[in-house]
Every structure is written in structure tokens, then in C-alpha cells.
Amino acid sequence: MPLLARSVQAPLHIEVRRGAVADLGRILSDRRISSGGEVAVVVGPGLGERIADLLRPSLRAATIYVTAGGTLDAALELADKLRAGHYDAVVGIGGGKTVDTAKYAASRWGLPMVSVATSLANDGIASPVASLVNDGIKSSYGVHIPFGVIVDLDFVETGADRVNRAGIGDVISNISALADWELARTTRDEPVDGLAASLARMGAEAVLTMPGDMTDDAFVTVLAESLISSGLAMAVCGSSRPSSGGCHEIMHAIDALYPETASHGELAGLGALFCTFLRGDDRRFVQMADCLERHRLPLRPPDVGLTAEQFVQAVEFAPRTRPDRYTILEHLAMTPDETRQRLTEYENALASR
């Protein structure tokens, strides 16, 4: 009887530790990603010189490009530069904007890309998705999953605390996204990929219950590995379904209606908590609220600079951000008045837990 299996794209190398950036040349060579060190290294404007100094001893043949990142135009400009050169690989070093810009540009020409995260804001460090702004609207573009994923804890430690804590919100939002996926299975017979769901759930559960905070290497390592696991779940599934449900619909709606309100992870965590409340899952609601509060992440609309009415408008708009996705928001199909009532109940539930 034949054995059936499937092939899954995954990075050749994953490493979370201190000092990884300085070791990049050896890692690329050992993993046969680039034996000669002829790589294009993409950095953000803030870290450029510091990273360049660290890389020169191990990557003498590297060309360093500085990009503001975050937009489709920046990614296309970088792709043009890559086409004009001769490179074995592309290395994106920095936060989400820089990494996503490098992922998209590398995929344009089929170059292997290595993601080196210096912050832990979201799960894009290992995902087959690049989030880029085009004509003022942030969109998701399919790209090849990184060949390598490296998190340098030295850089994470010196990064902005609020940026890194946002990754906690993005990871635990997987719990809400998976509940939405299960709802779609029972309501609309949508298939659920068990392997993808397991990868997304394990990381979320680990961060939800892990003691410590961003000053603790053990906690930061678990957070980094959980973000990587979330990215792999998307690669296994072939879409963002295991990590994106009503939580991310609300996040995208706030981004569209009220730009620059808060970060991806902060809004995803808030959206996940509200969606969990809507589902009536009291145990999860308290557990997630306690985790977000412990890590000083937003729990209420005013925490991200929104009025109650603005949040209601965002929830009403949210399903339009993912028309093909079925979540608790589509299931309830609340009117604005119903959403206002549920938001009041949500605030009361937070106060009384």
C-alpha cells in the first residue's frame, strides 16, 4: 500500500541566539546558501552602519543596500538593484518593513532570501507573505518563504520595547484566528489543515502561559520561536488562515480607517481579545486579557487612541478587508447598535474579571 505524504516549504536554517549577525557569513556558507559571500544585504536606515561593521569580517563580498522599506515602490526599487548585480542570495536585516521589502524583491528574481530579525513585532519574519503599502493601502503579497531565519537577541534587546512587545499580541491572536477557522469548519464546511493549526496553536499557547518578560532571554526566545512557528503554519496552509481571523480583520480595518493608530501586533491582540469575548469563551477571554495586561499591551480602544465610536466603525468595516474569510464577525453580522452594546459589555467584562 503506498504511503502518502506532502512536501512542505520550510527554511533550511533557523537560529535564535545572541551574536548571530556577526556569524552570518559562516551560516550562509555552512548551509550552502552562499559559499562565496556574494550577497545583497538589505538594512533599514537606523541600523545600517552598525550592521555593516559587524558583517564586513565574515562577508567581504557583500553589497549593502539601505532601504526605508515598507512600500511596494521601495521593494520594486530594490528589485531593480538586485537585477543589476550578481548575487547568490539576499539577506534582509531589520524589522518587519525591511524584511518584507527584501522578501518581495528577492522573490521577483528567484533569489534565496534569509531573514535576520532585529525586532519581534510580528510573525512576518518567517512567513511566505510580504506586507507592503501600495497607494496608501497595506496589502499582502505572496513570496517564497525565507531560506533561513535568524533572530539576533543582542539587537532585539537594544530595540524599542514597545515594538518587541507587540509580537506577543500577534502570536496570541492565533488562538482567536484558529477559533474562527473552526467556526468556518462547523458552519460552512471549510477544511482545516491540522498541521498548520498545530503549528500556530503551539506557539500561541507557549507565549500565553510562559512566565517572564522581554528582559528575560528565555521568554524572548520562546516568543521568537513562536513567531517563526506562526510563519511556518502559513507556509504549510498556503494562506494566512491559521494566524488571521476576525482579529486581523479588525486590525486591517483600523489601519485603513485610522492609519498610524498602533502597530500590527498591538491591534491584532486587541482584535483577538474582542473576538474571543464575542464568542463567549470566558476562560480564554480572561487568560488572554491577563497576558496582554501583563505585557502592557492594549486591552481597550482608548489604549490605541480610538474612541468607542471609531472602534464600532472599524468592526463594521472589518469584514470588507477579507471578503473571502468567515469569522465570528461575519457569523454574528452585528449592526452598529449591536456592536456598541457588545463593546459596553466587553468593557464591563474587563473591569469585572
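How do the residues of the lining of the largest cavity divide into nonpolar, polar and charged?

## The model and its cavity

This is a predicted model, where local features need pLDDT of at least 70, side-chain atom pairs count only at pLDDT 80 or more, and totals for chains, interfaces and linings use all residues. Residues are numbered from 1 along each chain as its sequence is written, and side-chain values use heavy atoms, without hydrogens and water.

The lining of the largest cavity has 2 nonpolar, 4 polar and no charged residues. Its members are Gly 95, Gly 96, Ser 119, Ala 121, Asn 122 and Ile 125. The volume of the largest cavity is about 40 Å³. The count is 1 cavity of 30 Å³ or more. A cavity is a set of points on a 1 Å grid, over the protein atoms alone, where a 1.4 Å probe fits but cannot get out; lining residues have an atom within 4 Å of a point.

## The second largest pocket

A pocket is an open set of grid points with protein on both sides within 12 Å along at least five of seven lines. The second largest pocket holds about 150 Å³ of space. Its lining includes Arg 18, Glu 157, Asp 161, Met 214 and Asp 217. Helix 5 (153–158), helix 6 and helix 8 (217–237) each give two or more residues to that lining. Helix 5 gives the largest share, 3 residues. By class, the lining has 4 nonpolar, 3 polar and 4 charged residues.

## Helix 6 against helix 7

Helices here are DSSP runs (H or I, at least four residues), numbered from the N terminus. Helix 6 (residues 161–188) packs on helix 7 (residues 194–209) at an angle of about 135°, with the axes 8 Å apart. The two are therefore oblique to each other. Oblique covers what is left after under 35 degrees (roughly parallel), over 145 (roughly antiparallel) and 65 to 115 (roughly perpendicular).

Contact means heavy atoms within 4.5 Å. Among the residues in contact are Ile 168, Ile 175 and Trp 181 of helix 6 and Ala 200, Arg 201 and Val 207 of helix 7. By class, this contact has 12 nonpolar, 2 polar and 1 charged residues.

## Helix 12 against helix 14

Helix 12 (residues 308–317) and helix 14 (residues 336–352) pack at about 125°, with their axes 10 Å apart. That makes helix 12 oblique to helix 14. The contact includes Phe 311, Val 312 and Glu 316 of helix 12, and Pro 336, Arg 340 and Leu 343 of helix 14. It has 6 nonpolar, 1 polar and 3 charged residues.

Terms used:
Axes are lines fitted to C-alpha atoms, for helices over the stretch in contact, and angles run from 0 to 180 degrees between N-to-C directions. Ala, Val, Leu, Ile, Met, Phe, Trp, Tyr, Cys and Pro count as nonpolar, Asp, Glu, Lys and Arg as charged, and the others, Gly among them, as polar. Grid points are joined across faces, edges and corners, and a volume is the space filled by probe spheres set on the points.
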